[in-house]
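Hi there,

Here is the model I promised to pass on. My notes on it follow below.

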Amino acid sequence: MDGEPLFDRRSTLDNLGDDVEILRVIAATFIADAPRLLADLRTALGARDVSMVMRAGHSLKGSAENFGAAALIRAVGALEEASRTDDFTSAVARLNEIDRLLAQLRAELQAL
Amino acid sequence: MNVVIVDDTPTNLELMRMLIERLDGCRPIPFADSGSGLDWCLENDPDLVIVDYLMPKLDGLEFIRHVRREPRHDSLPILMVTADHEKSVRYAALDEGGVDFLNKPVDRMEFLARVRNMLALRRSQRALADRATWLAEEVRRAVAEIHDRERETIVRLARAAECRDPETGTHILRMAHYAQLIALQMGLPPDFAELLLHAAPMHDVGKLGTPDHILLKPGRHSPEEFEVMKQHTLIGYEILRESSSHAIQMAASIALHHHEKFNGSGYPRGLARDAIPIEGRIVAVADVFDALTSARPYKRAWSLDEARDYLRENRSAHFDPACVDAFLTVWDRVLEIRERFVDEEEPAAATEPNDGR
């Protein structure tokens with residue numbers, strides 16, 4: 001995982017028609033919003049509220065998708081799956097992974 | 001064009017806002033909260049709505065249903081943003097009509113193409129609506145013009161008849177307004193009452209065909225002369241009949257029937273009761289009342305009380321009682337009409353009352 005970039009610059013710019021200005025603006029928006037997305041997921045998991053987990057997960061995936069962050073999206077999917085099957089131990093483990101990946105993505109986007 | 005964007009995810013909302021901003025003539029109106037977005041749509045005039053499906057509180061489908069409930073927005077184009085796998089959601093949205101979809105993550109090419117298509121649809125809708133409004137206005141104007149010309153024709157005809165008649169122009173206006181008043185008071189449709197107002201002035205058009213020495217003779221007519229006088233009803237009918245104009249059709253009937261009496265003793269045909277068309281029965285009251293209360297070269301003007309008594313006494317004999325009752329019920333309005341249309345110059349009053357018009 002280390003050294004492997006999360007942010008897929010090529011597919012992102014393809015989606016944006018190579019509009020670098022839009023990329024900068026949405027990257028900044030994402031960086032500012034990421035702590036909230038993670039906090040929502042953590043709260044939902046703490047409350048063991050599956051529908052809240054799904055909704056927070058959906059928001060996080062929907063935001064991260066714009067940057068092609070496949071590993072992060074997979075981790076959120078795994079967390080959703082674990083909480084759907086009431087496996088909250090695995091879910092919490094996934095949350096730590098998500099925390100780490102999210103920090104990495106933010107750092108990569110910040111470096112733009 | 002106003003493009004409303006509703007998405008609770010800040011990154012996606014910002015992305016779509018910027019994409020819309022890059023389109024010529026488009027103003028993005030972003031909402032992170034679906035409730036506020038809906039309120040804006042209901043109070044304003046959006047051209048396109050782009051709405052995310054999965055949102056807290058109001059989701060995309062509920063949002064679309066609320067927007068569609070507003071009649072102004074029944075064909076407003078809507079784009080819903082969904083993930084590929086949400087197929088049942090897409091089917092439900094398609095049911096609402098006027099909806100297309102955008103895949104997540106948003107792809108610029110697809111996004112702009114679908115937005116452009118939807119806005120082209122919107123422009124056509126607007127052009128069609130504008131054209132329909134324009135056409136309706138043109139038709140309204142054309143019809144109004146026809147009505148105005150028809151009315152003008154009627155007024156000129158009535159004026160032509162006036163030239164040969166000692167009765168004044170204000171008599172014609174007063175009796176026409178009395179006739180309208182009676183019709184309304186009797187509960188006849190307002191359209192009918194208005195037609196009566198425009199048609200009644202022509203009731204004596206047939207006097208154009210009455211020889212001067214009889215028409216303008218002061219004092220009583222001989223029985224032979226009176227027979228000639230009576231002909232003005234038939235002459236008027238001949239002048240006006242078989243018109244395609246409703247007002248002139250009614251005027252023809254009024255010309256023919258306004259001297260008929262309720263008990264059948266009138267002329268030219270001696271019709272009684274319901275056999276006399278209602279417009280004839282109404283104008284009989286309006287015409288006689290105004291003639292009585294006006295001064296003529298051969299008679300003085302009767303007082304209002306005298307004229308009112310005359311109507312009461314001849315209720316059922318000369319006049320349809322329903323018409324007399326209607327007229328007397330709105331006596332205040334009768335007086336208003338009298339105040340409104342005053343003769344400029346009272347003809348010198350004769351001393352002897354005479355009903356032989």
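First, a definition: a crossing is right-handed if the near helix is turned clockwise from the far one by less than a right angle, and left-handed if anticlockwise. This is a predicted model, so local features need pLDDT of at least 70 and side-chain atom pairs count only at pLDDT 80 or more, while totals for chains, interfaces and linings use all residues. Residues are numbered from 1 along each chain as its sequence is written, chains are lettered from A and ligands numbered from 1 in the order in which they are written, and side-chain values use heavy atoms, leaving out hydrogens and water.

Now the helices (DSSP runs of H or I, at least four residues; strands are E, at least two; both numbered from the N terminus). In chain B, H2 (residues 34-43) packs on H3 (residues 60-69) at about 20 degrees, with axes 10 Å apart; axes are lines fitted to C-alpha atoms, for helices over the stretch in contact, and angles run from 0 to 180 degrees between N-to-C directions. That makes H2(B) roughly parallel to H3(B) (angles under 35 degrees). H2(B) passes H3(B) in a right-handed crossing.

B:Val6 has B:Phe31 in S2(B) as its bridge partner.

Best wishes

Technical notes:
Angles under 35 degrees count as roughly parallel, over 145 as roughly antiparallel, 65 to 115 as roughly perpendicular and the rest as oblique. Two strands pair if DSSP finds at least two bridges between them.
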